[in-house]
Amino acid sequence: MNLLIVLIKIFLMIAFLMTMAVLLTWVERKQSAVMQDRIGANRADIFGLRLLGLFHPLADAVKLLTKEDFVPPSGERFLHGLAPWIAFTTALAAFAVIPFGPPIHLFGREIPLQVADPPIGILFVFVITGISIYGVVLAGWASGNRYGLLGALRGAAQTISYEVSMGLSIIGLLMVFGSLSPASISEAQGGLLFGFLPRWGVLVQPLAFLVFFTAAVAETKRIPFDLPEGESEIVGFFVEYSGMKFGMMWLGEFVEIVVMAALIAVLFFGGWQVPYLTPAGFAFPGGMMIALPRGLILGMQIAAFLGKVVFFCWLQMLVRWTLPRFRYDQLMRLGWKGLLPLSLLNILITGLVLLIGGT
Amino acid sequence: MKEGGTPQKTLTFLERFYLAEVLKGLWITGAHFFRNLLVHTGRALGVVKKRRGAVTIQYPEERRPIPPGYRARHRLLRREDGSPKCVACMMCPTICPARCIHIRAAESPDPTIEKYPVEFNIVLDRCVMCGLCVEACPVDAIRMDTGVVEMSAYDREEFVTGRDFLMESTPADERAEAEE
């Protein structure tokens, strides 16, 4: 029975991530178009029905599936095939510890709305994103292409550099909430700060949020941090990929965007918490109470989580279509001389505040 | 400052910090996003009429107006009785820099006219659309006012346009009037 529940949750999670990833390919085209006063892809139609270009992901899928799957003769066939799987599955797996709602009680069981809640939850995400570097490196190495290898090296250097500040930036947050489990971090953010502000991570740890968000964008390897890929000119680690293998790399990147958005929402924006919404209903700081039925509260909380995820996907797209790419030295300087000292400073300040003020 | 290159502005402290500038940039693009989204929704609901959410001209359906005097595909003019106005004087093939006009002349049945073209071929894929043939024509028999700018074919032979085809073409403004 427990196994069945977990399987259902895994299925729902993968369905959610894949839908979001596919929709994001559409959002990316349309959002960039709207930002640049254009219309964007709208030509794919089924029986003359265009639906604002929503069929383009479908057309993409057909195209990618029917394209030749090419492995360069100088490449390693096995590793070449393995790399997209690593890139794709690690992106999916990282979402396993993200809680998308409070635990629900169904048929006398308590079912947490997340696939797994290991006590080391956040560490698990970092481990998984650490493994995803292998996808990049293997893709570059197994292609037997010098440009691919160089792109992979840039990718590895970048991901490792930014993972350091990413990991350090949330130490302060973990100190405040005293837990590594995303579920209890979400739970803890339901409280109030000074009696009227929701105790969200971004309000407790604003500096950590800035560092984490920057590092998260760098982790997804998108503009302004797209040096590993640089499709149009510097050529990236997946030059030698075609067809659905390329499609998996590409989809994996979009899944990563969703995962990063979810992670930011969980760590810094209260996860499924709605401000002032307690399990009994709204409790505003003025003492006003609005009682609500349980199902409605649960629905609002899940909707709040999804809304936050969608917002941060949108924000990442906005960043991607606004900023130009960093030069390599600028990238390294920002990572090691900017974000790393800032995250260390953040730990120091948090420690001092906790030491002086108590918790 | 080095000589030659464009002088570089030194960055202020805030600009060196980068974050403020990033936010400014995001503000600009975000404002575009929301304004255009609002206009698009307004147009879809029929509330907004004048403003456009995008500068895009959706080409095959929408077209840019072709300005008068635009040199498009050629046409040959006719006399009142329908015979070609051209007198086969060979001015246009002479001046043509691309040498894409080929005329075969014959004696005209009309005693007042000396010659007329039996064949009048313009090889469109060699034509450079310079309009010199129009300038050179002494009898105003060739014009480039059809407004046809899409010239494509699967075969090079299809680009050789004959006399009758050129005479059947109509000027763009006449077609527009007929449509109205």
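At what angle do α9(A) and helix α12 of chain A pack, and how far apart are their axes? Select α9(A) (206–219) and α12(A) (residues 328–357) to find out: the angle is about 150° and the axes are 9 Å apart.

Some housekeeping before we go on. This is a predicted model, in which local features need pLDDT of at least 70 and side-chain atom pairs count only at pLDDT 80 or more, while totals for chains, interfaces and linings use all residues. Residues are numbered from 1 along each chain as its sequence is written, and chains are lettered from A and ligands numbered from 1 in the order in which they are written. Helices (H or I, at least four residues) and strands (E, at least two) are DSSP runs, numbered from the N terminus. Axes are lines fitted to C-alpha atoms, for helices over the stretch in contact, with angles from 0 to 180 degrees between N-to-C directions.

**Stop 1: α12(A) and its partners**

Stay with α9(A) and α12(A). Their crossing is left-handed (the near helix is turned anticlockwise from the far one by less than a right angle; clockwise would be right-handed). Show side chains for Leu207(A), Ala208(A), Val211(A), Thr214(A) and Ala215(A) on α9(A), then Leu339(A), Leu342(A), Ser343(A) and Asn346(A) on α12(A); these make the contact (C-beta atoms, placed from the backbone, within 7 Å). Colour them by class and you get six nonpolar, three polar and no charged residues. Here Ala, Val, Leu, Ile, Met, Phe, Trp, Tyr, Cys and Pro count as nonpolar, Asp, Glu, Lys and Arg as charged, and the others, Gly among them, as polar.

On the α5(A) side, pick out residues including Tyr162(A), Val164(A) and Leu168(A); on the α12(A) side, Trp336(A), Leu340(A) and Ile347(A) are among them. The contact residues divide into ten nonpolar, seven polar and no charged.

**Stop 2: α10(A) against α11(A)**

Move to α10(A) (243–268) and α11(A) (residues 294–320), whose axes come within 8 Å and cross at roughly 120°. This pair is therefore oblique, and the crossing is right-handed. Select Ile257(A), Val258(A), Ala261(A), Ala262(A), Ile264(A) and Ala265(A) on α10(A); they meet Phe305(A), Lys308(A), Val309(A), Phe312(A), Cys313(A) and Gln316(A) on α11(A). The tally is ten nonpolar, one polar and one charged.

While α11(A) is on screen, click Met317(A), which belongs to that helix. Buried or exposed? Met317(A) is buried, with 20 other C-beta atoms within 10 Å (20 or more is buried, 12 or fewer exposed, in between partly exposed, with C-beta atoms placed from the backbone). Beyond its neighbours within four places in sequence, Met317(A) is in contact with Val27(A), Glu28(A) and Gln31(A).

**Stop 3: a glycine in α4(A)**

Next, select Gly135(A) in α4(A), residues 121–142. Gly135(A) is buried, with 26 other C-beta atoms within 10 Å. Leaving aside neighbours within four places in sequence, its contacts are Ala83(A), Ile86(A), Ala87(A) and Thr90(A). Leu82(A) is 53 residues away in sequence, yet the C-alpha atoms of Gly135(A) and Leu82(A) are 7.9 Å apart.

**Stop 4**

Most residues other than glycine have a negative phi, and most peptide bonds are trans. Go to the loop between α9 and α10 of chain A and find Lys221(A): phi is near 55°, a positive value. Lys221(A) is buried, with 23 other C-beta atoms within 10 Å. Pro224(A) sits in that loop as well, joined to Ile223(A) by a cis peptide bond with omega about 5°.

Over in chain B, Ala88(B) also has a positive phi, near 55°. Look for Ala88(B) in the loop between β1 (75–76) and α3 (91–95); Ala88(B) is buried, with 23 other C-beta atoms within 10 Å.

**Stop 5: chain B and the interface**

Zoom out to where the chains touch: twelve residues come from chain B and eleven from chain A. The chain B side has six nonpolar, six polar and no charged residues. Finally, colour chain B by domain, using 13–45 for domain 1 and 75–179 for domain 2 (bounds from an automatic or database domain assignment). The C-alpha centres of these two domains lie 53 Å apart.

Technical notes. Two residues are in contact if their C-beta atoms, placed from the backbone, lie within 7 Å. Angles under 35 degrees count as roughly parallel, over 145 as roughly antiparallel, 65 to 115 as roughly perpendicular and the rest as oblique.
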